[in-house]
Amino acid sequence: MDYMARALALAAQARGRTSPNPMVGAVLVREGRVVGEGFHARAGGPHAEVVALAQAGPEARGATLYVTLEPCNHHGRTPPCTQALIQAGVAEVHMAMLDPNPRVSGRGRAALEAAGIRTVVGEREAEARRLNEIFVHWVTTGRPFVWAKYAMTLDGKIATVTGHARWISGPEARRYVHELRDRLDAILVGTNTVLQDDPRLTTRLAKEDVAHPLRVILDSRGRIPLSARVFDPRLPGQTLVATTEAMPRTHRQALEAQGVRVWSLPGYRGKVDLVALLARLGQEEITSVLVEGGGTVLGALFAHGQVDKVTAIVAPQIVGGRGAPTPVGDPGVATMDRAWRLTALEVRHLGPDVALIGYPAPAECPDPGSLPRMLGAEEPGNESGYPRGHSTP
């Protein structure tokens, strides 16, 4: 039996439920038998090692632990796992990777070795890092992992020339979007999306344990009416409006009276600065953000290297139209050698649609003079910086 593979499979069972903590799985083995196993189910709950130790009981003494992440050696929401392992008499610990937090990395391993416990690091490390890519990114940069998602036609359009976009993708693809929402901390859309589509931006899946991401709405001047469905206090989850000082105080107070959180952030020409927004979200332990389309904002995010992962859903439809919006707008690149290219590409069939999933490799930045000064910069005539009709309701 591949014990580290089993530990990784256990960890993955908590996908979308441990933020801002990582997913961790642990397997205790003694004389060729699994005597205990477990995973970290939720932030604030017992760590994987503690669950496995509790299941093993006295049989943990002399056992070997296989764990997907270096055991912690500091007091956080729970006591240090290293002390629990030492007290239980575990003889050896195999960890897939060290803690990516530079302030604690290696300290758990050092504590174990100081107590006479043999350690091994690196087994299935690449898989462990991919499993916790969101946590690794957030804990090392302080910024949320930005996942861009959009659906487009075969000719690269996210709506028709009139802004109509229901539906580009089919039901299987839309379910996939809800599965992403169930896994990520926040979802980001702009003013025109709300005005055009009036979405709820909730997670709708046929299961009991459904997570609803924080709904982050860009509204620099308070144009979205209080009657919009995203502001309905009966909706599950929370809604946050990112705005500027241009929003009337009375509108802000009315939003807050309905239970909506409002952040007034720096801006450029009265528009929300997305760099400042991402920094603030990271400080609030929002580790991931799903950006659901919008050519202008995605263009700026790409230009500044702020997109960490992409899911592009391609539907077998052609709509044409020179003025129909495309997924990624200005400033763009001047030559193909500067294009962003997806690495570690995964191709997934979703009914009649095809999803391309990958990580944008860094490209040369376009001429700095062509870049928006801040990510909140907008094209003329588009108040939120988002083309209409791109979001799943």
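Biologist: Why is arginine 252 called partly exposed?

Modeller: Its relative accessibility is 29%. Buried means under 20% relative accessible area, exposed over 50%, and partly exposed in between, with a 1.4 Å probe and protein chains only. The value 29% falls in between, so arginine 252 counts as partly exposed. This is a predicted model, in which local features need pLDDT of at least 70 and side-chain atom pairs count only at pLDDT 80 or more, while totals for chains, interfaces and linings use all residues. Residues are numbered from 1 along each chain as its sequence is written, and side-chain values use heavy atoms, with hydrogens and water left out.

Biologist: What makes glutamate 256 and arginine 252 a salt bridge?

Modeller: Their closest N and O atoms are 3.2 Å apart. A salt bridge is a side-chain nitrogen of Lys or Arg within 4 Å of a carboxyl oxygen of Asp or Glu, so this pair qualifies. Glutamate 256 is partly exposed at 37%.

Biologist: How are glutamate 256 and arginine 252 placed in helix α9?

Modeller: They are 4 residues apart in α9 (residues 249–257), which means a separation of about one helical turn. Helices (H or I, at least four residues) and strands (E, at least two) are DSSP runs, numbered from the N terminus. Helix α7 (residues 171–183) holds another pair at 4 residues apart, glutamate 179 and arginine 175. Their side chains meet in a salt bridge at 3.1 Å, N to O. Glutamate 179 is partly exposed at 30%, and arginine 175 is partly exposed at 45%.

Biologist: Which salt bridge links distant parts of the chain?

Modeller: Glutamate 292 forms a salt bridge with lysine 149, with 3.7 Å between the closest N and O atoms. Glutamate 292 is in strand β13 (residues 288–292) and lysine 149 in strand β6 (residues 145–153), 143 residues apart. Glutamate 292 and lysine 149 are both buried. The structure holds 23 salt bridges, and Arg17, Arg42, Asp182, Lys207 and Asp209 are linked in a network of them.

Biologist: How many disulfides does the structure hold, and why is cysteine 72 in or out of one?

Modeller: The structure holds 0 disulfides. The closest cysteine sulfur to that of cysteine 72 is in cysteine 81, 3.7 Å away. A disulfide is a pair of cysteine sulfur atoms within 2.5 Å, so 3.7 Å is too far for a bond. Cysteine 72 counts as buried at 11% relative accessibility, and cysteine 81 counts as buried at 1%.

Biologist: What makes up the largest nonpolar core?

Modeller: A nonpolar core is a set of buried Ala, Val, Leu, Ile, Met, Phe, Trp, Tyr and Cys residues joined through side-chain atoms within 4.5 Å. The largest has 34 residues, and those with the most contacts inside it are Val27, Leu28, Leu65, Val67, Leu85, Val90 and Val93. Helix α1 gives the largest share, 6 residues. Another core, of 30 residues, lies apart from it, with Tyr150, Ile158, Val272 and Val310 among them.

Biologist: Which residues does leucine 65 touch?

Modeller: Contact means heavy atoms within 4.5 Å. Not counting residues up to four places away in sequence, leucine 65 touches Ala26, Val27, Leu28, Glu49, Leu85, Val90, Glu92, Val93 and His94.

Biologist: Why is helix α11 called largely enclosed by the rest of the structure?

Modeller: In α11 (residues 295–303), 9 of the 9 residues are buried, and therefore the helix is largely enclosed. The buried residues include Gly295, Leu298 and Phe302. Their cover includes β6, α10 (274–283), β13, β14 (309–315) and β16 (353–361). Just after α11, glycine 305 takes a positive phi of about 65°.

Biologist: Is glycine 32 buried or exposed?

Modeller: At 59% relative accessibility, glycine 32 is over the limit for exposed, so it counts as exposed. Glycine 32 sits in the loop between β1 and β2 (33–39).

Biologist: How do you know that valine 347 is partly exposed?

Modeller: Its relative accessible area is 49%, so valine 347 falls in the partly exposed class. Valine 347 is found in strand β15 (residues 341–350).
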